[in-house]
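Trainee: I would like a close look at one part of this model. Please take me through it slowly.

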Amino acid sequence: MRKKVACLVLACLLPFSAASAQVKIGLMVSATGPTLAIGIPQRNTAALLPTRVGDASVEYIQLEDGGDTTRAVQNAKKLIGENNIDALIGPSTTPNAFAILDIIAEAKVPLLATVGTQSVAEPVDAKKRWVFKTTQNDDLIAAALVKHMTKDGVRTVGFIGFNDPYGENWYKVFGALAEKSGIRIVASERYARADQSVTGQTLKLMVARPDAILIAAVGGPAVLPQATLFDQGYKGRIYQTHAVATDDFIRLGREKVEGTVLAAGSMLVIDDIADADPIKQVALAYIRAYEKQFGQKPATFGANTYDAGLILQRALPAALKAARPGTEAFRSALRDAIERERDVIGCQGVFNMSPTNHNGMDERARVLVTVQDGRFRLLPE
């Protein structure tokens with residue numbers, strides 16, 4: 001009996017074998033509801049993420065939130081409380097990301113958010129120190145749009161965006177950059193993601209007679225104000241954010257979105273990118289794997305999930321050396337390892353994390369794009 005007890009004590013003192021370790025990663029997506037064009041490629045991309053890192057196996061546990069904040073909170077609690085995940089990738093929408101921040105911070109679980117709004121991960125305080133982000137920050141995209149507006153002679157802009165954190169953050173970020181460049185916002189309107197009409201809002205924009213209009217919305221719902229403006233005879237330039245970087249935007253908008261200007265990751269116009277670009281090589285590998293698995297090209301939103309997998313693949317070995325998966329010590333070690341990652345080449349850009357920057361993307365993560373003849377095409381800056 002004493003011999004058995006001694007063996008058990010010795011086993012507890014010895015470092016665990018990575019060969020027997022299993023890492024659990026949660027994934028939360030909105031593959032149904034108004035933002036399904038974002039969530040579906042993210043859901044599908046889960047099948048392409050690495051299932052082994054070194055000697056450890058990686059299990060992915062995926063839950064659907066339908067774009068609903070209540071379900072997002074329930075999912076986060078289940079993934080953490082019942083599935084004991086070591087990290088979480090997602091969710092697909094900004095409101096859902098904000099809804100789970102307190103839960104993530106309390107449980108001390110690294111979150112790799114796949115949303116655009118930078119305030120999800122900034123500033124890096126006690127709560128957001130657990131949050132990293134794999135989508136271009138709004139200010140990076142907004143700066144490119146403001147630069148194009150200035151070059152194009154735009155002096156006044158109308159703004160219409162979602163009446164949620166996505167739209168509000170865009171108004172704040174774009175407004176500050178526009179003001180510095182001598183561009184005035186002469187009208188500002190909001191609408192809900194599920195709205196079926198924005199006629200009143202667009203008429204107010206038209207009355208202000210802006211040189212251009214910026215729409216800060218996501219996926220299919222971003223088409224609504226642009227199509228309405230087209231029908232009302234608006235002739236100025238229309239700008240969109242990187243949240244419309246999907247073929248569904250063109251499919252739904254058709255001729256009404258021709259000439260749109262946006263900034264997005266180079267994967268959106270991969271055929272127009274130089275072969276020597278290292279980001280192109282990673283993006284092509286992802287595109288080919290996705291096409292082989294699902295028979296179609298992925299939307300760029302799926303790349304946000306894929307890049308999260310690349311970052312975890314780089315960070316996990318250090319965490320596995322430090323602690324056993326399923327423990328707070330492991331989650332803390334994983335968080336620290338992600339924060340140290342440098343020069344991670346993804347589909348959307350190059351990531352250089354730091355204690356003060358949990359996005360780490362620079363201008364290599366965006367190009368100017370226009371809609372021309374029913375296709376996204378690279379627009380020279």
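Trainee: Is the crossing of α6 and α7 right-handed or left-handed?

Mentor: The crossing of α6 and α7 is right-handed. A crossing counts as right-handed if the near helix is turned clockwise from the far one by less than a right angle, and left-handed if anticlockwise.

First, some ground rules. This is a predicted model, where local features need pLDDT of at least 70 and side-chain atom pairs need 80 or more, while totals for chains, interfaces and linings use all residues. Residues are numbered from 1 along each chain as its sequence is written, and side-chain values use heavy atoms, without hydrogens or water.

Now the pair itself. Helices here are DSSP runs of H or I, at least four residues long, numbered from the N terminus. Two packed helices are described by the angle between their axes and the distance between the axes. For α6 and α7 (residues 165-180), the angle is about 45 degrees and the axes are 9 Å apart. The axes are lines fitted to C-alpha atoms over the stretch in contact, and angles run from 0 to 180 degrees between N-to-C directions. α6 and α7 are therefore oblique to each other. Oblique is what remains after roughly parallel (under 35 degrees), roughly antiparallel (over 145) and roughly perpendicular (65 to 115).

Look at who touches whom. A contact means heavy atoms within 4.5 Å. From α6 come D138, D139, I141, A142, A143, L145, V146 and M149. They meet N169, W170, V173, F174, L177 and A178 of α7. By class, this contact has eleven nonpolar, one polar and two charged residues. Nonpolar covers Ala, Val, Leu, Ile, Met, Phe, Trp, Tyr, Cys and Pro; charged covers Asp, Glu, Lys and Arg; the others, Gly among them, are polar.

Next, the core. A nonpolar core is a set of buried Ala, Val, Leu, Ile, Met, Phe, Trp, Tyr and Cys residues joined through side-chain atoms within 4.5 Å. Buried means under 20% relative accessible area, with a 1.4 Å probe and protein chains only. The largest core has 57 residues. W170 and F174 are among those with the most contacts inside it, and so are L214, Y239, F249 and F376. Helix α6 (residues 138-151) gives this core its largest share, six residues. Another core, of 32 residues, lies apart from it and includes L140, L316, A319 and A323.

One last stop is F376. Leaving out residues up to four places away in sequence, F376 touches several residues, including V244, F249, I250, L262 and V371.

Definitions and conventions. Buried means under 20% relative accessible area, exposed over 50%, partly exposed in between (1.4 Å probe, protein chains only). Helices (H or I, at least four residues) and strands (E, at least two) are DSSP runs, numbered from the N terminus.
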